[in-house]
Amino acid sequence: MNTMNDRHLYSVYFAPRGVVRMTQMGQTIAARHLSPFDRLIGIVGEAGSGKSMLVKGMFPGLEMTNDDNGVNVRPLPILSVGEGGFFSPHTYHMDIRFESAFTQIGVLAEAVETALRLGKRVIVEHFDLLRPFISFNAELLIGVGEEIVVTRPTLFGPEPEDITQIVFHTIKYRKMAHTAEDLAECQLLQQCDLKYQHGDVRHGFLLEFDQRPDLDLKAIADYVRRKIDEDLPVSFHDENHIMIGDLLHRCTGPRMHVRSTGEIEGFSILPEIKYDPMSERYLLVGLVGDVNPKDLNDLNKIVL
């Protein structure tokens with residue numbers, strides 16, 4: 001079957017922070033890239049990068065064998081694929097890194113091949129660990145780092161390790177940006193009660209306002225830098241909060257942070273609020289990683 005998807009090499013999206021936005025991104029990727037005929041979907045990326053949330057968005061209602069809360073399904077359903085006959089599931093999920101602690105990867109690979117031979121669909125997290133044990137690549141391969149990279153491999157690649165190298169290199173910027181964003185919010189909320197939305201920029205974050213906010217950007221930047229210098233521990237508290245030192249802060253993506261504020265590198269806030277005429281919003285722009293753009297148009301430049 002010859003489709004436009006056969007000519008698809010890469011698509012790149014921002015990897016959003018927060019459970020709701022990541023789940024919505026999964027829906028978007030499914031609508032744009034998933035074919036009803038895809039049987040093997042591979043996902044790669046660090047633990048905690050949001051892979052499971054992406055999968056839940058792509059496949060609503062899918063039984064996840066190991067989710068972000070550490071809830072796991074036993075016995076692993078795919079190991080008995082076919083035994084349920086007509087009533088066996090059509091789609092299976094597997095986290096190779098997690099399952100390899102209980103079952104040899106060779107056995108997991110055989111189960112995947114059996115499921116595919118029976119016409120089932122299999123979604124494999126940490127697909128790069130499975131690939132050496134099977135003779136074929138995923139039909140749809142997705143990497144999650146600072147960006148989400150979506151590709152449809154052919155005989156000529158790319159291989160999972162190619163995508164892994166990209167997303168493992170960039171995930172640190174997503175963690176730094178998210179923690180810096182939360183620190184900026186701590187000071188911003190003391191200055192302003194306007195509602196805002198979260199947006200994305202490469203190596204940084206956006207806070208988007210419908211009205212021009214009256215903010216002391218220098219005070220916000222100075223506050224964040226002080227907290228970075230204090231090297232405060234950052235930890236998960238619950239699904240809606242993190243701890244920054246002894247401060248409880250509301251956060252919708254509490255697992256995507258650096259371990260301490262001192263790990264944030266090269267933080268800066270652009271010295272003025274930017275206006276986006278397309279969205280008609282006013283943007284506070286925060287950056288990490290020693291980004292010094294000569295032009296705002298350079299911020300989202302990507303080299304794969």
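The model is a predicted one, in which local features need pLDDT of at least 70 and side-chain atom pairs count only at pLDDT 80 or more, while totals for chains, interfaces and linings use all residues. Residues are numbered from 1 along each chain as its sequence is written, and side-chain values use heavy atoms, with hydrogens and water left out.

**The sheet**

- Six strands form an open sheet in the order β1-β6-β5-β2-β4-β3, with mixed pairing; strands (E, at least two residues) and helices (H or I, at least four) are DSSP runs numbered from the N terminus, and two strands pair if DSSP finds at least two bridges between them.
- Because β1 (10-14) and β3 (91-95) stand at the edges with a single partner strand each, one side of each is left without a neighbour in the sheet.
- From one strand to the next, the twist averages 15°, where angles run from 0 to 180 degrees between N-to-C directions and axes are lines fitted to C-alpha atoms, for helices over the stretch in contact.
- Strand β2 (residues 40-45) pairs with strand β4 (residues 121-125) in the parallel sense over four bridges, and the bridge partner of I43 in β4 is E125.

**Helices on the sheet**

- Helix α4 (residues 105-117) packs on the sheet and touches β2, β3 and β4, contact meaning heavy atoms within 4.5 Å; the direction of α4 makes about 150° with that of β4.
- Helix α1 (residues 19-33) lies across β1, β5 (140-144) and β6 (147-151), and α1 runs at about 160° to β1.

**Pocket and cavity**

- On a 1 Å grid over the protein atoms alone, a cavity is a set of points where a 1.4 Å probe fits but cannot get out, whereas a pocket is an open set with protein on both sides within 12 Å along at least five of seven lines; lining residues have an atom within 4 Å of a point.
- The largest pocket holds about 310 Å³ of space, a volume being the space filled by probe spheres set on the points, which are joined across faces, edges and corners.
- Of the 15 residues that line the largest pocket, V201, L206, D276, L283 and V285 lie nearest its centre.
- At least two residues of this pocket lining come from each of β7 (196-201), β8 (204-209), β13 (274-276) and β14 (281-287).
- The count comes to one cavity of 30 Å³ or more, and the largest cavity holds about 40 Å³ of space.
- Residues lining the largest cavity include F14, R174 and D200, and α6 (160-191) and β7 are the elements that give two or more residues to this lining.
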